[in-house]
Amino acid sequence: MPSMTGGQWGLLLLLSVLWGGSFFFVEVGLAAFPLLTLVVLRVGLAALALHLVLRLQGRPPPAHRRALAAYLGMGLLNNALPFSLIVWGQTQITGGLASILNATTPLFGVLVAHRLTRDERLRPHRLAGVAAGFLGVVLVVGPEALGGLDAHLLGELAVLAASLCYAFASLFGRRFHRLGIAPAAAAAGQVSASALLLAPLALVLERPWTLPAPPATAWAAVAGLALLSTALAFILYFRILASAGATNILLVTFLIPVTAILLGAAFLGEALAPHQLAGMAVIAAGLAVMDGRLLARLRAAAAGGA
């Protein structure tokens, strides 16, 4: 797993803010929209926004056969399946427990990458860093969130299945860089494919036109979910994936709870509890171990001292 630059870490932190907000937007949106309809609105509006940006730039996404196959595969693995699984899971379990289970994504990622790639093999320090990061997420969210574990097993399994989808998607998505497809074009193709996959199901199963008119707050949540947590977020996702690798991009799931807590403290006046500060420290240590440069410097210092 390659070490990331300061700029890549900054993009990963910004991505965690955008995706951290999606849990809030989903909770607001579910009060007015059924599950599949909410997911279709999310990816459909994101697709429209991304295609508009690309058209204004004069750079339509490639539409050759290999590109279309990549859009379809990525739309299924990275949007249609995990979005639906997580949204349904959040109807069964708390957001805190969902964020903890979502933090298993890097663990699945390092295992999948070890089996399916040659350049992102499993190393002891990488596994130790993932374990530390997951422990830190548990501390940040609060160990009490695990008290409901197994109370709604299907909801928990749904979030874990979504995490596994994300792990496979991070490897599948590397082909966009090999195909020469830019991050914004890859994002547009991916969300367009997922919208086409899910829209017929939403129309048949949920008949959204028969529902009461949603309030303005619900539409605002959908706009935030589509434009910030999807369109902009996936541009960043593909940019980081192309330059930093499949395993590194998955570290964002460790940062999402941290940014959510810090945003609450900064804008809502929420106090930081000791266990949250401890969890952030553990996450930072885990990320440093996975990055590898700190260990290399310590080994070099020890060798120099000897």
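Helix α5 (residues 105–116) and helix α6 (residues 124–141) have axes that come within 9 Å and cross at roughly 165 degrees. Helices here are DSSP runs of H or I with at least four residues, numbered from the N terminus. Axes are lines fitted to C-alpha atoms, over the stretch in contact for helices, and angles run from 0 to 180 degrees between N-to-C directions. α5 and α6 are therefore roughly antiparallel to each other, a label given to angles over 145 degrees. Their crossing is left-handed, a term for a near helix turned anticlockwise from the far one by less than a right angle, with right-handed used if the turn is clockwise. Pro-106, Leu-107 and Val-110 of α5 make the contact with Arg-126, Leu-127 and Val-130 of α6, where contact means heavy atoms within 4.5 Å. By class, this contact of α5 with α6 has five nonpolar, no polar and one charged residues. Ala, Val, Leu, Ile, Met, Phe, Trp, Tyr, Cys and Pro count as nonpolar, Asp, Glu, Lys and Arg as charged, and the others, Gly among them, as polar.

This is a predicted model, in which local features need pLDDT of at least 70 and side-chain atom pairs count only at pLDDT 80 or more, while totals for chains, interfaces and linings use all residues. Residues are numbered from 1 along each chain as its sequence is written, and side-chain values use heavy atoms, with hydrogens and water left out.

The axes of α1 and α10 come within 8 Å and cross at roughly 155 degrees, so α1 and α10 are roughly antiparallel to each other. This crossing of α1 and α10 is left-handed, and the residues of the contact divide into 20 nonpolar, eight polar and one charged. With α2, α1 packs at an angle of about 135 degrees, the axes being 11 Å apart. That makes α1 oblique to α2; oblique covers the angles left over once those under 35 degrees (roughly parallel), over 145 (roughly antiparallel) and 65 to 115 (roughly perpendicular) are set aside. α1 passes α2 in a right-handed crossing. Here Trp-19, Ser-22, Val-26, Gly-29 and Leu-30 in α1 meet Leu-35, Leu-38 and Arg-42 in α2.

What volume does the largest cavity have? The largest cavity has a volume of about 280 Å³. On a 1 Å grid over the protein atoms alone, a cavity is a set of points where a 1.4 Å probe fits but cannot get out, a pocket is an open set with protein on both sides within 12 Å along at least five of seven lines, and lining residues have an atom within 4 Å of a point. Grid points are joined across faces, edges and corners, and a volume is the space filled by probe spheres set on the points. The largest cavity is lined by 20 residues, with Trp-19, Phe-83, Ile-86, Asn-102 and Tyr-166 nearest its centre. Elements giving two or more residues to this lining are α1 (6–30), α3 (65–89), α10 (216–244) and α12 (252–267). The lining residues divide into 13 nonpolar, six polar and one charged.

The second largest pocket has a volume of about 270 Å³. Of the 18 residues that line this pocket, Thr-37, Val-40, Leu-41, Pro-208 and Trp-219 are the closest to its centre. The largest share of the lining, six residues, comes from α9.
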